[in-house]
Each structure stands twice: as C-alpha cells, then as structure tokens.
Number of protein chains: 2
Amino acid sequence: MSVTAPLGFEAAGVAAGLKSTGSPDVAVVVNRGPRKAGAAVFTSNRAKANPILWSQEAVKDGVIEAVVLNSGGANCFTGSFGFQTSHLTAEKAAELLGVSAGDVVVCSTGLIGTGDEEFRRKVLTGVEAGVSVLSRDGGQAAAEAIMTTDTMAKTAVVSRDGWTIGGMAKGAGMLAPGLATMLVVITTDADLDAAEADAALRGATARTFDRVDSDGCMSTNDQVTLLASGASGIRPDPAVFAEALAELSGVLAKKLQQDAEGASHEITIEVTNAATEAEAVEVGRSVARNNLFKAAIFGNDPNWGRVLAAIGTTSAQFDPYAVDVWMNGVRVCAAGGPDRPREEVDLTPRATDLLIDLKAGSATATILTNDLTHDYVHENSAYSS
Amino acid sequence: MSVTAPLGFEAAGVAAGLKSTGSPDVAVVVNRGPRKAGAAVFTSNRAKANPILWSQEAVKDGVIEAVVLNSGGANCFTGSFGFQTSHLTAEKAAELLGVSAGDVVVCSTGLIGTGDEEFRRKVLTGVEAGVSVLSRDGGQAAAEAIMTTDTMAKTAVVSRDGWTIGGMAKGAGMLAPGLATMLVVITTDADLDAAEADAALRGATARTFDRVDSDGCMSTNDQVTLLASGASGIRPDPAVFAEALAELSGVLAKKLQQDAEGASHEITIEVTNAATEAEAVEVGRSVARNNLFKAAIFGNDPNWGRVLAAIGTTSAQFDPYAVDVWMNGVRVCAAGGPDRPREEVDLTPRATDLLIDLKAGSATATILTNDLTHDYVHENSAYSS
C-alpha cells in the first residue's frame with residue numbers, strides 16, 4: 001500500500017528505459033486533496049543535485065501537488081541543462097495533472113553526472129506514462145520504481161484513530177552508500193497545514209533517517225517529502241501525529257539499514273549517559289564511521305579497543321577510564337579496561353547491539369549502521385564500471 | 001642506517017617474545033650526546049595509551065636520553081597497571097644507561113587492551129637485552145623490531161653540509177589503520193636546542209605525517225620523536241634544518257602510505273586554489289575518508305561524482321559549478337560537469353593522482369591516502385581473532 005494507503009493519494013511506477021535492465025524507473029505520487037500541504041527535508045551536502053535545487057524552491061510555499069521520482073540517473077553535476085531537466089519534469093507533470101509546476105517536486109537517484117538529452121527524454125516520457133496509470137493502489141509500483149541496489153521495496157503504514165500515514169523509501173541512509181541516495185515519500189490523510197507538516201517532518205527525520213549512518217557518505221540527492229491530503233477530515237493532535245510519523249520513519253529507517261549494500265551485520269549503537277544528546281550522537285557517529293570497528297564486526301571480532309579509539313576522536317565529555325562498553329549483552333570493557341572475555345560475545349547474528357555507557361550525564365541517542373564487508377567494497381567498486 | 005646514521009646514536013632491536021612469531025619486538029635508541037635535546041608530537045586522540053601519557057611528561061623538559069619502543073601490545077586501556085609498566089620500562093632503561101627515567105620516552109604498538117603482567121615482564125626483559133647490544137649500526141635492527149603488519153622496515157636518511165638526519169617509522173598514518181599505529185623516531189647530529197627541535201618537528205609533521213590519512217582512523221598510540229645529539233658540532237640554519245627534516249619526514253610518510261594495509265593504490269590528493277591551506281586540507285581529507293571514492297579507485301573507476309559529493313560535506317569555500325577534477329592527468333570534471341570521457345583515465349598503476357582545483361583562492365595542500373580493498377577488510381577483520 002505504501003504511499004497510497006492514506007486517502008487522497010494516487011501513485012504509479014513505470015519503466016521508462018533509464019535502467020538498462022528494463023525495470024520500472026519512474027514513479028509519480030499525486031495528492032488529490034482536498035488539502036495539498038507539503039514539507040520536505042533535503043541533503044545537507046553543499047553539492048546538491050538539480051532535483052534538490054528545484055524542489056527546495058518548489059516546497060517553499062508549503063503546497064505540494066505531486067512528486068516525480070526517477071532511478072537510473074542522479075541528474076547531479078549536469079549543469080544548467082540538468083536543472084532545466086528537473087524544471088521540465090515538473091512542468092510536464094503539472095501540465096498533465098492540471099496543477100502549477102511550482103507545486104511539483106522532483107527526486108532523482110543514480111550515478112552522479114548522468115543527465116543528458118537521452119535521460120531527459122526518457123524521464124519526460126516516463127512522467128507521461130506514469131500519470132496515465134495513476135491509481136489508488138499504485139503505491140507498491142511506485143516503491144519498486146525508485147529501487148536501485150535495493151534488494152526489496154521498502155514501505156510502511158501506520159494508522160491512528162481515523163487517519164493513516166504511508167511511506168516508501170529507497171537507499172541506505174541520509175549519509176548513505178553508493179547508489180543509495182535516500183529518497184522517501186510519506187503521505188497522510190490527516191488534515192495538517194504546511195507548518196504542522198514541516199515541524200512534524202523535521203522532528204521525525206532528526207531522530208530516524210538522520211541517525212542511519214551506514215557508511216558516512218552523504219549523498220547529493222537525499223530528500224524526504226511529506227504530503228498531507230486532509231482526506232480523512234481529521235485534524236490530529238500535533239503530538240500524536242509527531243509520534244506516529246516518527247514511528248513510521250523509524251520503521252523505514254530500519255529497513256534502509258537492513259538493506260545496506262553488502263552488509264552482513266545491522267549494528268545498533270546506543271550511547272547512554274552522555275552529557276547532551278548532541279554528544280551522544282557525535283559519539284555514536286564516530287563509531288559508526290570507524291572502518292576498523294566496522295571491519296572487526298564483519299569478522300565477528302568484539303574489538304572494543306577500536307570503539308574507545310573512535311570515541312577518543314570526538315569532543316564529547318567523557319573520561320576514558322570511566323567508559324563501559326557492551327556488545328550483544330556482554331560487558332567487554334568496564335571503566336576503560338578489559339572486562340568479560342571476548343569469547344563470551346556471540347557476533348554471528350546479523351543484529352548487533354553495541355552499548356556505550358559514557359558515564360558523563362543522562363542523555364541518550366541511537367545510531368544505526370552496518371559492518372564493512374567484502375561485498376560493500378565489491379558493490380561500490382563495480383558500480384559504474 | 002636509519003636512526004644510527006647521524007653521529008652520537010646507538011640502537012638495538014631484539015626479540016622479547018611479545019610477538020608470537022618470535023620476531024624482534026623491542027627497540028632501543030640512545031642519544032650519546034654531547035647534546036641531549038629532544039621533542040615529540042603525540043596522537044590527538046583523547047583516548048591515549050599509557051606510553052603516550054608517560055612520554056608526554058617525560059619530554060616536557062626538552063631532554064630525551066633514550067627511546068624504548070615495543071611492538072606486540074599497545075598498552076592502551078590497561079589502567080594504572082599499564083601506566084606503571086610504561087614507567088617501569090623507562091626506569092629499567094634509565095638504570096641500565098645511567099640516566100634519569102624522566103628522560104626516557106616509551107612507545108608501544110599492537111592490540112589495544114594488551115598490557116598484562118606477562119607483557120610487562122617481556123618488555124622489561126627486552127629492554128635489558130636491547131641495551132646490552134646497543135651499537136652504532138643497530139638502526140636497521142631497531143627499525144625491524146617496531147614492525148607489526150608492516151611488510152618492510154621503513155627508514156630514511158638525509159644529509160646536509162656536515163650534519164645528518166636519520167629516521168625509522170612503522171605503521172600507516174597518523175590517522176592510521178589497524179595495527180598500524182604510527183611510531184617514528186628521528187635522530188640528528190645537528191646541534192639544536194630543545195626549542196629548535198620542537199619547532200622543526202611540529203612544522204615537519206604538520207605537513208607530512210599529519211597528511212597521511214590512510215583510513216581516517218586515529219590511533220591511541222601515535223608518537224613522533226626527534227633526538228638531537230649535537231655530535232656534528234654544527235648549528236644549522238633553522239630554515240635549512242626545517243627543510244631537511246620536512247624532506248626526511250616526507251620520505252617516511254610516503255613509505256607509510258605505500259605500505260598501508262591491504263591497499264592496491266597509493267592516492268595523492270592535491271587540492272589547489274583553495275581559499276586557505278586549512279580548507280585545502282579539509283577538502284583533501286573529506287575525499288581521503290570517503291569510502292565510496294576509495295572503493296571506486298580500488299575498482300579502477302574514475303568516479304569523480306564521489307569526489308564532488310565528498311567536497312560538498314566540507315565547510316570550505318567553493319562553488320560546486322566551478323570545480324575541476326583531474327585523475328591521472330585527465331580532466332574528468334570541468335566547472336562541476338562531465339568533461340573528458342572516463343575511458344581516458346588509466347587507473348591500473350598503483351600511484352594515483354587526484355587533482356582538485358577549487359577555484360576559490362591560491363592555497364594548496366596534499367593528502368596521501370589509499371584505496372579501500374578486499375584485503376583491507378580482510379586484514380582488519382582478522383587481526384585480533
């Protein structure tokens with residue numbers, strides 16, 4: 001069901017020839033209203049793809065009528081020609097839907113530097129094909145059309161009293177692997193205005209998608225878009241909506257982590273008793289980005305020394321001789337020294353829990369990451385070749 | 001010749017049983033004077049190993065009589081027992097050499113968390129054995145005793161008019177791989193006082209060892225030590241000495257890069273026309289630490305999009321649509337768009353040159369790094385298992 005689970009939305013996914021495999025590669029999601037509220041968050045990478053440059057402007061008025069997404073080409077670093085392509089894509093969809101081009105956002109994913117005349121022609125053809133088959137049950141097809149190296153379509157639905165949130169995602173993290181630009185579209189039939197949608201979206205992404213850090217590499221094309229149709233006729237309590245949106249975002253974030261390219265472990269890094277939440281995040285990210293730690297987990301090696309070495313590179317408050325480290329429930333390091341024998345840690349399951357107790361305060365944060373594997377190296381070295 | 005090339009130095013390398021292979025694992029370098037000036041720079045990791053904690057204090061008076069180094073155990077996160085081991089190591093060497101323990105610095109490398117009673121006993125025995133075989137031609141043996149995953153001993157000698165600088169190094173970077181804590185000892189028979197030695201060392205390391213960034217992982221044990229004996233009787237011009245020391249450090253840094261664990265390419269990242277040198281370094285490091293770029297080079301893939309995506313994560317001044325990127329002499333990206341075809345780039349040689357022209361000023365910096373390979377993952381996942 002994905003993005004068509006809530007009332008007021010139609011979607012489609014079609015093959016436009018962008019992917020050499022002939023798989024679906026253009027998705028269209030349309031908000032039929034009555035409300036057309038929208039919000040979006042974008043990559044913080046300063047090298048932004050053309051669809052990002054377009055969508056940042058389009059979303060400013062808080063109205064989003066439709067989202068057009070393509071896989072098979074990032075349209076990034078393709079110059080003014082590439083920006084015109086994003087613009088023309090929005091115009092084509094707007095013309096077919098009878099709306100304003102300024103209310104159509106565009107998302108692209110694929111190889112940076114791809115966005116020539118052939119790309120433009122295929123995307124525009126795809127928009128036409130997609131709009132012609134829009135339907136109330138097109139959510140799954142749309143989710144499949146945005147896949148690149150994803151091994152499965154990623155969707156989620158959360159319902160509350162009389163209203164629903166649906167979502168689709170592709171990729172593996174806001175700070176993401178190879179082709180795995182994170183594109184997410186979330187829809188709801190709750191009745192929200194643009195400011196409410198924006199606040200809820202920023203709150204949810206900050207603690208979910210922003211904390212997936214599969215390989216520390218930030219994409220040029222990441223975008224998370226929320227559309228609210230108001231079709232349920234219900235105005236939810238903002239706190240309840242925020243909680244439901246965070247739940248849905250968390251489910252999609254977990255699916256991104258579980259499908260990260262080449263990974264053999266999903267590592268949940270929980271940092272507790274930090275002085276501040278920001279420091280907990282900093283510590284978690286430092287470990288999530290430490291290749292030595294990630295390679296050790298690939299080898300089922302509970303190498304806690306690499307955890308402490310990573311923490312030592314941060315500016316977080318901590319005493320190296322106070323820190324405890326737990327792996328899969330075993331305290332391997334107590335007060336900055338060896339504790340339980342490494343043999344007690346079973347790292348054969350994919351799900352890996354790392355708990356870092358900083359003993360420096362009471363704040364907590366959780367970062368989701370993956371191990372560094374042969375398959376990661378292979379997939380990311382062979383991609384564009 | 002390494003550290004015994006200059007006049008006034010003796011060295012030794014012996015096997016003390018710290019390495020299970022029986023290879024040499026304890027090195028001693030002694031300054032016989034007449035001058036005993038010394039300086040050292042240390043890892044900026046806040047989780048510092050016990051030998052670092054000891055040596056930071058020992059070097060404060062600007063006098064270094066001797067350096068004791070061991071492989072086969074990092075003596076890091078081994079608590080107060082481990083600190084006492086470093087202290088006892090210095091005391092043992094001092095007693096045998098008839099000097100003050102406070103003038104003996106200690107360096108260790110190996111697995112974090114290793115530093116028990118057996119480790120202590122073996123190190124102390126090794127110091128005794130080492131001091132007993134100190135000689136004017138012991139430099140090579142010392143260089144071999146500090147190797148861990150290094151495939152070759154790394155030494156260098158630079159001579160100027162009447163004086164010489166010699167050095168030995170192990171590891172692969174100030175921000176270094178697995179076992180590859182960077183330990184460097186540099187000796188000179190030039191007549192320097194401690195302040196001159198300190199200034200020259202800081203200047204040289206900042207532009208050489210600090211710019212080797214093989215895998216972005218900062219060790220807990222890195223130390224670069226300079227000892228000046230004054231035995232040549234010549235007080236060099238400070239600028240000439242600084243230049244010679246930078247040359248020697250550059251040679252050793254290049255050897256560290258060339259021996260990085262599991263690498264199949266040595267990548268030289270030159271950033272030109274940055275607004276400031278610091279920004280050039282920031283840009284170079286962002287690319288050096290980008291796993292996607294590094295995996296692409298492993299696959300001989302001139303994926304310039306990943307270079308621009310990495311630059312976009314920095315705070316350096318640049319216009320994404322002004323940047324040029326060259327790989328091995330081919331301009332693959334001009335003004336932020338595709339330029340020469342990727343097929344023109346030959347990435348089969350190990351030596352890989354990446355040139356990033358930011359068009360934002362006139363500052364330049366060069367970062368040395370390596371690609372991300374299957375062997376890197378293998379070596380770093382199998383290390384302590």
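Reply: Let us begin with one annotated residue: A:Thr148 counts as partly exposed because its relative accessibility is 23%, and buried means under 20% relative accessible area, exposed over 50%, partly exposed in between (1.4 Å probe, protein chains only). This is a predicted model, in which local features need pLDDT of at least 70 and side-chain atom pairs count only at pLDDT 80 or more, while totals for chains, interfaces and linings use all residues. Residues are numbered from 1 along each chain as its sequence is written, chains are lettered from A and ligands numbered from 1 in the order in which they are written, and side-chain values use heavy atoms, without hydrogens and water.

Me: What makes A:Thr148 an annotated residue, and where does A:Thr148 lie?

Reply: The unreviewed UniProt entry gives the annotation "binding site" to A:Thr148, A:Lys170, A:Thr181, A:Glu261, A:Asn380 and A:Ser385. Such annotations may be inferred rather than shown by experiment; the positions follow the numbering used here, and feature names are shortened. A:Thr148 lies in the loop between helix 4 (139-145) and strand 6 (154-160) of chain A. Helices (H or I, at least four residues) and strands (E, at least two) are DSSP runs, numbered from the N terminus.

Me: Does A:Asn380 count as buried or exposed, and why?

Reply: A:Asn380 has 0% relative accessibility and therefore counts as buried. Its place is in helix 10 (residues 374-382) of chain A.

Me: Why does the radius of gyration of chain A agree with that of a compact globule?

Reply: The radius is taken over C-alpha atoms, and the globule rule is 2.2 Å times the number of residues to the power 0.38. For 385 residues a compact globule would have a radius near 21 Å; chain A has 21 Å, so the value agrees. The C-alpha trace of chain A spans about 65 × 50 × 30 Å along its principal axes, and 62% of the 385 residues count as buried. The secondary structure of chain A comes to 10 helices and 15 strands.

Me: What is the share of contacts in chain A that join residues at least 24 apart?

Reply: Among contacts (heavy atoms within 4.5 Å) between residues at least 6 apart in sequence, 80% join residues at least 24 apart.

Me: With what residues is A:Ala58 in contact, and why is A:Ala58 called buried?

Reply: Leaving aside neighbours within four places in sequence, A:Ala58 is in contact with A:Val63, A:Gly102, A:Val104 and A:Val105. A:Ala58 is called buried because its relative accessible area is 5%. The residue is placed in helix 1 (residues 50-58) of chain A.

Me: What is the corresponding account of B:Asn75?

Reply: B:Asn75 has a positive phi of about 50° and is not a glycine either. With a relative accessible area of 1%, B:Asn75 is therefore buried. B:Asn75 is found in the loop between strand 4 (66-70) and helix 2 (79-97) of chain B.

Me: Which residues does a cis peptide bond join in chain A?

Reply: A cis peptide bond joins A:Gly33 and A:Pro34, with omega about 15°. A:Pro34 lies in the loop between strand 2 (26-31) and strand 3 (37-42) of chain A.
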